[in-house]
Amino acid sequence: MSTAGQVRYAAEWLELREPADARARSGELLAPLTAHLAQAPSATGRTVVHDLGCGTGSMGRWLAARLPGPQHWVLHDRDPELLRLAAAGMPDTAADGSPVTVRTRQGDITQLRAADLDGASLVTASALLDLLTADEVDAFAAACVRARCPALLALSVVGRVGLDPADPLDTELTAAFNAHQRRVHGNRRLLGPDAADAAARVFRRRGAKVWSRPSPWRLGAGQEALLSRWLTEWVAAAVEQQPELGPRADAYLRRRSRSCAAGRLRAVVHHGDLLALPAAPGGTPV
């Protein structure tokens, strides 16, 4: 169970990153998605969206206002307080002024089955794939394809970071961070930066048509709070994975923090977005 402190920490981080997430998400994927939804209307006359690992609801706030027509969002998360915040923050209307309604579902999204998506028009998630294992990604793709439900999966880390000005320790810290993202957590080996490519492969193998687009954070002057927080946690994860980096990483973080506070540091944190559309019964994506 999450503690109250962990929930507040998660909510604060999600709120801090939401503007950068909104700027980074690929708008290019909306055209094929909206075309698909128009060609495969819901029997209920509204688009039913399942948002997995919704956190405080940033994906819903971004996407609901960009999709036309009546919408019903089902917000999934394991934490009831995050679900409460997400539901409270959802917009009331869609892109064309149609109503948007919401309900929440608490549970473990790694146990998702096709039956859980019965009646769904779309499954979406943000910053989720890299926290899953290969088997979990495969099971997720299978559930979406069996339910004949498209998936829009945003902001998966891809293992590349660009910092300006460069520092000699950038490469080592990036490698250690990526290893941390691929770590064994409990008995689960996380995919980390391999997740987006793995998801694209398994969706294609199951007959879906897949689009992939970059969705980088571009951080610099005016975004010092997010840049500082990201940098601190990026370095901490690298050192957790490779403790011998500790003394050099401490000095690195001090240097970088001074540059950030002075507005001189720039970072491009690369992510990837993916859209998978299911094939029609005859084998052609809808």
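**Reading cores and a helix pair**

Modeller: Let's start at L63, which touches L30, W73, L122, T124 and L152, leaving aside residues up to four places away in sequence; a contact here means heavy atoms within 4.5 Å. This is a predicted model, where local features need pLDDT of at least 70 and side-chain atom pairs count only at pLDDT 80 or more, while totals for chains, interfaces and linings use all residues. Residues are numbered from 1 along each chain as its sequence is written, and side-chain values use heavy atoms, with hydrogens and water left out.

Colleague: Which residues touch the most other members of the largest nonpolar core?

Modeller: A nonpolar core is a set of buried Ala, Val, Leu, Ile, Met, Phe, Trp, Tyr and Cys residues joined through side-chain atoms within 4.5 Å, and buried means under 20% relative accessible area (1.4 Å probe, protein chains only). Here the largest has 51 residues, and L63, L173, W217, W230 and W234 touch the most other members. Helix α8 (residues 224–241) gives the most to this core, 8 residues; helices are DSSP runs (H or I, at least four residues), numbered from the N terminus. There's also a second, separate core of 29 residues, with L112, V137, L153 and L274 among them.

Colleague: Is Q181 buried or exposed?

Modeller: Q181 has 12% relative accessibility, so it counts as buried. Q181 sits in helix α6 (residues 170–181). Its contacts, not counting residues up to four places away in sequence, include D130, V157 and L190.

Colleague: Which residues of α5 meet α7?

Modeller: In α5, V137, D138, F140, A141, C144 and V145 meet A198, A199, V202, F203 and R205 in α7.

Definitions and conventions:
Helix = DSSP H or I, 4+ residues; strand = E, 2+ residues; numbered from the N terminus. Buried < 20%, exposed > 50% of the residue type's maximum accessible area, 1.4 Å probe, protein only.
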